[in-house]
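Work through the exercises below with the sequence and the 3D view side by side. Try each task before reading its solution.

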Amino acid sequence: MYFTLIRSLNVYDLKESHIMLIYLLRGKKMSQNISVYMVVNLTINDPKEYRIYEKGFFSYLQKHNGSFITFDDNRVVLEGIEPVPGRAIIFSFPSEEDADNWWADEGYQELSKHRRAATDITLQRIKGLPPRT
């Protein structure tokens with residue numbers, strides 16, 4: 001009876017951890033191949049402090065299989081409200097697991113103190129499209 005209930009649940013109404021359990025019970029694997037994109041908007045208030053962060057950032061990005069895509073100090077907002085004036089940055093990870101490991105890395109969190117002290121920031125994590133089957 002428990003398995004019948006699990007099969008009938010709507011996956012979209014549940015938390016991610018519950019979704020993983022349901023997929024496992026249904027005999028399906030969740031895709032680990034969905035890229036994750038980080039979209040950053042920041043204003044640098046203390047360039048010297050931010051430079052400390054910048055110098056260490058790429059080693060943590062590389063450690064967790066991340067890829068730097070681009071940055072722009074002269075972005076143009078075509079519609080809507082500008083999120084945070086200043087620099088826009090985009091980088092990615094090949095999976096949510098890699099992104100989570102990057103964010104949870106103790107060394108990265110220690111390094112981030114320099115960014116937090118030097119900037120006003122919004123940081124968004126955006127999932128890529130799942131592979132077509």
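**Exercise 1. Find the accessible surface of the chain and the share that belongs to carbon and sulfur atoms.**

Solution. The accessible surface comes to about 9400 Å². Carbon and sulfur atoms hold 55% of that surface. Such areas come from the Shrake-Rupley method with a 1.4 Å probe, and for residues only the protein chains shown count as cover.

Two notes on the source. This is a predicted model, where local features need pLDDT of at least 70, side-chain atom pairs count only at pLDDT 80 or more, and totals for chains, interfaces and linings use all residues. Residues are numbered from 1 along each chain as its sequence is written, and side-chain values use heavy atoms, with hydrogens and water left out.

**Exercise 2. List the secondary structure of the chain in order.**

Solution. Start with the count: five helices and four strands. Helices (H or I, at least four residues) and strands (E, at least two) are DSSP runs, numbered from the N terminus. Now read from the N terminus: α-α-β-α-β-β-α-α-β.

**Exercise 3. Describe the largest nonpolar core.**

Solution. First, the term. A nonpolar core is a set of buried Ala, Val, Leu, Ile, Met, Phe, Trp, Tyr and Cys residues joined through side-chain atoms within 4.5 Å. Buried means under 20% relative accessible area, exposed over 50%, partly exposed in between (1.4 Å probe, protein chains only).

Next, the members. The largest core has 17 residues, and Phe-57, Phe-91, Phe-93 and Trp-102 have the most contacts inside it. Two or more residues come from each of S1 (36-44), H3 (47-63), S3 (87-93), H4 (96-104) and H5 (106-118). H3 gives the most, with five residues.

Last, zoom in on Phe-57. Setting aside neighbours within four places in sequence, Phe-57 is in contact (heavy atoms within 4.5 Å) with Phe-68, Phe-91, Trp-102, Tyr-108 and Leu-111.

**Exercise 4. Work out how H4 and H5 cross.**

Solution. Their axes come within 6 Å and cross at roughly 65°. Axes are lines fitted to C-alpha atoms, for helices over the stretch in contact, and angles run from 0 to 180 degrees between N-to-C directions. Angles of 65 to 115 degrees count as roughly perpendicular, so H4 and H5 are roughly perpendicular to each other.

**Exercise 5. Is Leu-129 buried or exposed?**

Solution. Locate Leu-129 in the segment after strand S4 (119-127). Its relative accessibility is 79%, so Leu-129 counts as exposed. Then check Ser-35: 94 residues separate the pair along the chain, yet their C-alpha atoms are 7.5 Å apart.

Methods: Angles under 35 degrees count as roughly parallel, over 145 as roughly antiparallel, 65 to 115 as roughly perpendicular and the rest as oblique.
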